[in-house]
Amino acid sequence: EDAMAQYMAYHAAQFARIMEVLDRIPEGDGSLLDNTVVVWMSELADSWHGMDQYPVVLGGGKNSRLQTGQYVNYARTSPRRGLKPYDDTSPFMGVPHQKLLTTLCEGVGMAPPALGVSQVRGDNGETIDCTGNLPELLKG
């Protein structure tokens, strides 16, 4: 636990430093940070690379379409996708990360219908839709 806490603290400091540097660079009526979206997320997610419990921090992007300054916790609505090492018994997990990536693209002016695979099968055979965006993260 101590090693992971140190690992995360190091990366948090690096994230903050990147944002500080970008904020000091003038661009247009603001800074480079206003026109840049900085994303910090773990490649491990829930440590099994599933679609659950993956924290994401977005910084900057004042001039993007992204709605910043909020905490969003998505409900577990996707049927599990074949990964059974979990300690909990919930048959559901969070939203596919492809929706976050699509939202980020839309937030900076791109509009792909999907990234990566468009659907996967859950444990029970149900289809998990990986297309679309996360509307809570977009302005108006």
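Guide: The largest pocket has 22 lining residues. Nearest its centre lie Tyr54, Pro55, Val56, Val72 and Tyr74. A pocket here is an open set of points on a 1 Å grid over the protein atoms alone, where a 1.4 Å probe fits, with protein on both sides within 12 Å along at least five of seven lines; lining residues have an atom within 4 Å of a point. The model is predicted: local features need pLDDT of at least 70, side-chain atom pairs count only at pLDDT 80 or more, and totals for chains, interfaces and linings use all residues. Residues are numbered from 1 along each chain as its sequence is written, and side-chain values use heavy atoms, without hydrogens and water.

The largest pocket holds about 590 Å³ of space. That volume is the space filled by probe spheres set on the points, with grid points joined across faces, edges and corners. Its lining has 13 nonpolar, seven polar and two charged residues. Nonpolar means Ala, Val, Leu, Ile, Met, Phe, Trp, Tyr, Cys and Pro; charged means Asp, Glu, Lys and Arg; the others, Gly among them, are polar.

Strand S4 (residues 56–60) gives the most to this lining, with three residues. Strands (E, at least two residues) and helices (H or I, at least four) are DSSP runs, numbered from the N terminus.

Helix H2 (residues 97–107) is largely enclosed by the rest of the structure, because nine of its 11 residues are buried. Buried means under 20% relative accessible area with a 1.4 Å probe, protein chains only. Among the buried residues of H2 are Leu100, Leu104 and Cys105.

How values were computed. Buried means under 20% relative accessible area, exposed over 50%, partly exposed in between (1.4 Å probe, protein chains only).
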